[in-house]
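Please look through the sequence and the structure shown here. The questions and answers that follow take up its parts one by one.

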Amino acid sequence: MGSDGRFDEFASELAGNATHWRDGEPVYDRGDTVCVIGAGGTGLTAIKNLREAGFGVDCYERETGVGGAWNWRHDRSPVYSSTHLISSKPFTQFPDFPMPDDWPDYPHHSQLLAYFERYADHFSLRDHIWFGTEVARVEPAEDAAGGPPRWDVTVKGSRGGAPRTMRYAAVVAANGHNWAPKMPDYEGLADFRGKVIHASQYKDASQLRGKKVLVVGAGNTGCDIAVEAAQQAAKCWHSTRRGYWYAPKFALGKPADQVNDRILAMRLPFKVRQWLLHRTIKMTVGDLTRFGLPKPDHGILEMHPLVNSQLPYYLGHGGVTAVPDVKHFGHSAVTLADGTVVEPDLVVFATGYLPRFEFLAPELLSTDGAGRPRLALQMLSRTHPTLAVAGLLQPDSALFTLSHWQTVFIAQWLRVLDAAPDKVQALYARLRQEGDRRYTQGKVTDSTRHWFEVSHFVYLRELEKSLHELEAVR
């Protein structure tokens, strides 16, 4: 599936099912089929788990291949040429589809894309994906007769074509949240004569070569770009507003996330685990405030750390100069919070992304004034039980294990909701009541970067509990 002509053929086959109308246009009824939006890693596991639960699935993908953000040929991909995973293989792979044994601990982005392609082929998922097809609108069906709410989904070709509307039993949005750049608004920025880009526009180290570069932002991407600038640029300043814990990729001879998981398995008190990890970081990374980085204002495990073994190396060798937050821009210079003035040729804003669900009315996701969706169990609409968002998480480990179990829950939830809607009302009420719960063990700031932050073991434990509750009412 995928070409506009093939989609036209599909719509023609459905013409006889146009038993509904909306605004004078036909609506093609897809019965009990579930609509999945996006064929990245989360969308793929949603298709698989919904199919295994007995649902028909139509997945709409605006690009021409699977992989989502991890297919760097896609327009919205934030991936750059040197990107590697920051989570190791066991914590990145889907539970039912292991990565090859001979792959490195931290695979390259091209390997992860190959993994998703193999996953799609192994489970025959491409038969359910309409490539090159974009979702324009998702709206509650107007004339649904009783039962759980149904959805009218209007789709169109990504490169043109007439829109068509299909009616679905449920919708799972898996369109990702790392593709709409968040740009800062500094005084004087509009008049700055140097080049300014967001990290989403960074693709290759050649963009840095020979330039004086200011990298703004201390996320994992900002650290990676600063490290590449240390190797390619004439000068690199790395501006950070607050302090973070910087974890190495390897500790005690193992990937650091595997060491952390072993500590978790000991079931030690939270404060004891904090002490052990503080000791580990002290022995491996040391105190980075001596290089000019701000002191963290939180304890380790209270926010997920930055994972980068090379940044301390280049700070220690002078390839990266740590500087404070930007105060304002001039025509050719940037003034920092401490009064220092630097003159970069290139400014890279590694300032993160904002969630975007352009096809949904904000109230369907209980979106607040700042733009943050408020979801039950961080995935279910609080007002429409047949609308879910999968993968809207920022975990301290990899995402895809969590996405797998999220979509297992969604599939079972929809199955019970369809068969016995009255039996899940108590569970739905509890999940809605806990809708603002943060699934972490420590304090989390309310910045956009941390909106969706979860501790993976806390969140998985809650998913397991909710799955058991579903099983009990089946």
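Q: Is helix 9 largely enclosed by the rest of the structure or left open, and how many of its 20 residues are buried?
A: In this predicted model, where local features need pLDDT of at least 70, side-chain atom pairs count only at pLDDT 80 or more and totals for chains, interfaces and linings use all residues, residues are numbered from 1 along each chain as its sequence is written. Side-chain values use heavy atoms, with hydrogens and water left out. Buried means under 20% relative accessible area, taken with a 1.4 Å probe and protein chains only, and helices are DSSP runs of H or I with at least four residues, numbered from the N terminus. Helix 9 is largely enclosed by the rest of the structure, because its buried residues number 15 of 20.

Q: Which residues does Trp413 contact, leaving aside its neighbours within four places in sequence?
A: Contact means heavy atoms within 4.5 Å. With those neighbours left aside, the residues in contact with Trp413 are Leu380, Pro385, Val424, Leu427, Tyr428 and Leu470.

Q: Which strands stand at the edges of the open sheet of five strands?
A: Strands are DSSP runs of E with at least two residues, and two of them pair if DSSP finds at least two bridges between them. The open sheet has the order 10-21-11-12-17, with parallel pairing. Two of its strands each have a single partner strand, so one side of each is left without a neighbour in the sheet, and these are strand 10 (195-198) and strand 17 (321-323).

Q: In strand 21, what is the bridge partner of Leu214?
A: Strand 11 (residues 212-216) and strand 21 (residues 346-349) run parallel and are joined by four bridges. In strand 21, the partner of Leu214 is Val347.

Q: How many disulfides does the count come to?
A: A disulfide is a pair of cysteine sulfur atoms within 2.5 Å. Cys59 is in none, since its nearest cysteine sulfur, that of Cys35, is 7.7 Å away. The sulfur of Cys236 is 10 Å from the closest one, in Cys223, which is too far for a bond. The count of disulfides comes to zero.

Terms used. Buried < 20%, exposed > 50% of the residue type's maximum accessible area, 1.4 Å probe, protein only.
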